[in-house]
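Hi everyone, thanks for making time this morning.

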Amino acid sequence: RWHAGVFRTANENDILFISAGALTNQGYFDNVGDTLRKGFEANLSGNAGERVHWSVDYTHLDATFEEEFAVASPNNPLAVDGEIEVREGDRLPLIPRQLLKAGLRFAVSGAFTLGADVYSASGQHFRGDEANLVDELDGYTLLSLRAEYRLRSHAALFANLDNVLGEEYATF
């Protein structure tokens with residue numbers, strides 16, 4: 001099976017979390033003007049025999065501010081008097097340009113399944129760096145494992161082991 005799509009979403013008076021406080025999780029929501037998100041996504045999935053199911057999803061996303069504004073950013077090292085100047089075309093923070101997700105499931109028996117998932121994100125700008133003044137956060141890749149035992153059609157026991165390889169990464 002496959003799926004592909006192209007998207008473009010223009011928001012007027014978009015709402016964004018503004019980091020404004022002594023701690024990075026302190027702040028408020030405010031209207032920041034127009035933003036644009038455009039890109040494409042593709043998905044492939046299928047079965048290899050009766051026991052193996054696989055899937056691959058890719059998204060390319062360009063998310064930008066579409067007008068200029070000044071915003072409070074007291075924790076940004078390049079802020080002037082606690083503010084930064086956002087320009088048209090600056091990328092929205094915390095939104096990676098590229099995402100890749102892949103999964104593999106193996107049915108050990110009719111009720112017991114083992115699986116693995118890979119999640120990979122490209123670099124992204126820090127929250128509080130809406131003006132894209134400092135280097136992006138590094139991209140990262142995570143591997144997760146899952147075991148599931150289906151008790152009934154609507155009930156299952158499962159165990160997830162996230163970030164199996166112990167990848168160190170930052171999201172803001």
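**A nonpolar patch and its surroundings**

So, this is a predicted model. Let's begin on the surface, where Trp2, Leu44, Trp54, Val56, Leu100 and Leu104 form a nonpolar patch, with about 590 Å² of accessible area together. Two elements give two or more residues to that patch: strand S5 (52-65) and strand S8 (98-107).

Now look at tryptophan 2, which sits in strand S1 (residues 2-11). Is tryptophan 2 buried or exposed? Tryptophan 2 counts as exposed, because its relative accessibility is 68%, and the threshold for that label is over 50%.

Next, please find asparagine 43, in strand S4 (residues 35-48). Leaving aside residues up to four places away in sequence, asparagine 43 touches Arg1, Trp2, His3, Val56 and Asp57. Trp2 and Val56 you'll recall from the nonpolar patch. With aspartate 57 there is also a side-chain to side-chain polar contact of 2.4 Å.

Let's zoom out. The protein chain has zero helices and 11 strands. Its C-alpha atoms fill a box of roughly 60 × 35 × 30 Å along the principal axes. The radius of gyration is 20 Å, whereas a compact globule of 172 residues would have one near 16 Å.

How much of the chain is buried? Buried residues make up 28% of the 172. The chain exposes about 10700 Å², and 54% of that comes from carbon and sulfur atoms. Finally, of the contacts with a separation of 6 or more, 55% are between residues 24 or more positions apart.

Note on methods. Residues numbered from 1 in each chain as written. Predicted model: local features only at pLDDT ≥ 70, side-chain atom pairs only at ≥ 80, totals over all residues. Heavy atoms only, no water. Patch = residues over 30% accessible without salt bridge, like charges linked within 9 Å, V, L, I, M, F, W, Y side chains within 5 Å. Areas by Shrake-Rupley, 256 points an atom, 1.4 Å probe, with all protein chains shown as cover. Salt bridge = Lys/Arg side-chain N within 4 Å of Asp/Glu carboxyl O. Helix = DSSP H or I, 4+ residues; strand = E, 2+ residues; numbered from the N terminus. Buried < 20%, exposed > 50% of the residue type's maximum accessible area, 1.4 Å probe, protein only. Polar contact = N/O pair within 3.5 Å; in protein donor to acceptor, adjacent residues only side chain to side chain. Contact = heavy atoms within 4.5 Å. Rg over C-alpha atoms; globule rule 2.2 N^0.38 Å.
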